[in-house]
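Subject: Handover of a protein structure

Dear colleague,

Please find below the structure that I am handing over to you. I would be grateful if you kept it open while reading the notes after it.

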Amino acid sequence: SHGSGEALESEFAAALWREPRSLGLHAREDMGLSFLARFSARSWVGQHLETPRYGIADLPRGMQAYRRLGDACSAAKAARLAAPRGDACAEAWLNLQEVMVDVWASAGHCRASTLQRLSRLRARRL
């Protein structure tokens with residue numbers, strides 16, 4: 001549920017700061033901590049999809065990318081299970097692809113390159 005997702009995000013964010021501090025370290029300056037989120041997309045592209053890597057200073061943007069891509073992956077999986085060859089399934093893939101391109105573009109990556117990479121991966125699965 002969304003509520004448990006918020007709790008997970010909150011605990012993750014707190015742990016990123018709390019754990020290094022417990023060792024006398026600073027998460028950003030001393031350790032350069034960063035994170036990414038990975039989602040299973042094997043049925044779509046034969047591998048996982050992941051967010052860009054976000055530094056600790058970009059935690060809110062990284063968590064937003066995590067939510068957006070997670071929601072799009074969940075919707076795509078549901079559509080694929082409901083009707084593997086239907087229009088809703090095709091639309092779900094297009095939405096997932098659009099979200100992935102947006103997430104990477106918002107992190108400063110080229111939209112066209114991201115779309116091209118996804119299109120190549122998808123073409124291998126068709």
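The notes below describe what was found, beginning with the chain as a whole and then turning to its parts.

Please bear in mind that this is a predicted model.

**The chain as a whole**

The protein chain contains five helices and four strands. Read from the N terminus, these elements follow the order α-β-β-α-β-β-α-α-α. The C-alpha trace spans about 55 × 35 × 20 Å along its principal axes. Of the 126 residues in the chain, 33% are buried. The chain exposes about 7,600 Å², and carbon and sulfur atoms supply 53% of that area. Taking contacts between residues at least 6 apart in sequence, 48% join residues at least 24 apart.

In soluble globular proteins, nonpolar side chains tend to be buried together. The largest nonpolar core of this model has 31 residues, and the members that touch the most others are Trp 44, Val 45, Leu 49, Leu 69 and Leu 96. Two or more residues each are given to this core by helix H1 (2-22), strand E2 (38-41), helix H2 (42-45), helix H3 (59-82), helix H4 (87-106) and helix H5 (111-125). The largest share, nine residues, comes from H4.

Which residues does Leu 96 contact, once its neighbours within four places in sequence are left aside? They are Trp 44, Leu 49, Leu 69, Ala 72, Cys 73 and Ala 76.

Met 100 is also part of helix H4. Its relative accessible area is 1%, so Met 100 is buried. Residues up to four places away in sequence not being counted, Met 100 touches Leu 49, Glu 50, Leu 69, Thr 114, Arg 117 and Leu 118. Between Met 100 and Phe 35 there are 17 Å in space, C-alpha to C-alpha, and the two are 65 residues apart in sequence.

**The aromatic residues**

The whole structure holds four aromatic pairs. One of them joins Phe 12 and Phe 35 in an edge-to-face arrangement, with 5.2 Å centre to centre and 75° between the planes. Because Phe 12 lies in helix H1 and Phe 35 in strand E1, this pair ties together parts that are 23 residues apart in sequence. Are the two residues buried or exposed? Phe 12 is partly exposed, at 32% relative accessible area, whereas Phe 35 is buried, at 9%.

Phe 35 also pairs with Tyr 54; this pair is tilted, with 6.1 Å centre to centre and 35° between the planes. Tyr 54 lies in strand E4 (residues 54-55) and Phe 35 in strand E1, so the pair ties together parts that are 19 residues apart in sequence. Tyr 54 counts as buried, at 2% relative accessibility.

**The salt bridges**

Side chains of opposite charge can pair when their charged atoms come close. In this model the count comes to seven salt bridges. In one of them, the side chains of Arg 67 and Glu 9 meet at 2.4 Å, N to O. Since Arg 67 lies in helix H3 and Glu 9 in helix H1, the pair ties together parts that are 58 residues apart in sequence. Arg 67 is partly exposed, at 30% relative accessibility, while Glu 9 is buried, at 13%. Leaving out residues up to four places away in sequence, Glu 9 touches Met 63, Tyr 66 and Arg 67.

A salt bridge also joins Glu 50 and Arg 38, whose closest N and O atoms are 2.8 Å apart. Glu 50 lies in strand E3 (residues 47-50) and Arg 38 in strand E2, so this pair ties together parts that are twelve residues apart in sequence. Glu 50 is partly exposed, at 24%, and Arg 38 is exposed, at 53%.

Arg 18 and Glu 19 form a further salt bridge, at 3.2 Å, N to O. Arg 18 and Glu 19 are linked with Glu 11 in a network of salt bridges.

**A surface patch**

Finally, Leu 23, Leu 25 and Met 31 form a nonpolar patch on the surface, with about 290 Å² of accessible area together. Met 31 lies in the loop between H1 and strand E1 (34-35), and Met 31 counts as partly exposed, at 39% relative accessibility.

With kind regards

Notes:
Residues are numbered from 1 along each chain as its sequence is written. This is a predicted model: local features need pLDDT of at least 70, side-chain atom pairs count only at pLDDT 80 or more; totals for chains, interfaces and linings use all residues. Side-chain values use heavy atoms; hydrogens and water are left out. A nonpolar core is a set of buried Ala, Val, Leu, Ile, Met, Phe, Trp, Tyr and Cys residues joined through side-chain atoms within 4.5 Å. Buried means under 20% relative accessible area, exposed over 50%, partly exposed in between (1.4 Å probe, protein chains only). Contact means heavy atoms within 4.5 Å. Patches are made of residues with over 30% relative accessible area and no salt bridge: like charges are joined within 9 Å, nonpolar side chains (Val, Leu, Ile, Met, Phe, Trp, Tyr) within 5 Å. Accessible areas come from the Shrake-Rupley method with a 1.4 Å probe; for residues, only the protein chains shown count as cover. A salt bridge is a side-chain nitrogen of Lys or Arg within 4 Å of a carboxyl oxygen of Asp or Glu. Rings of Phe, Tyr and Trp (its six-membered ring) pair if their centres lie within 6.5 Å; planes under 30 degrees apart count as stacked, over 60 as edge-to-face and the rest as tilted.
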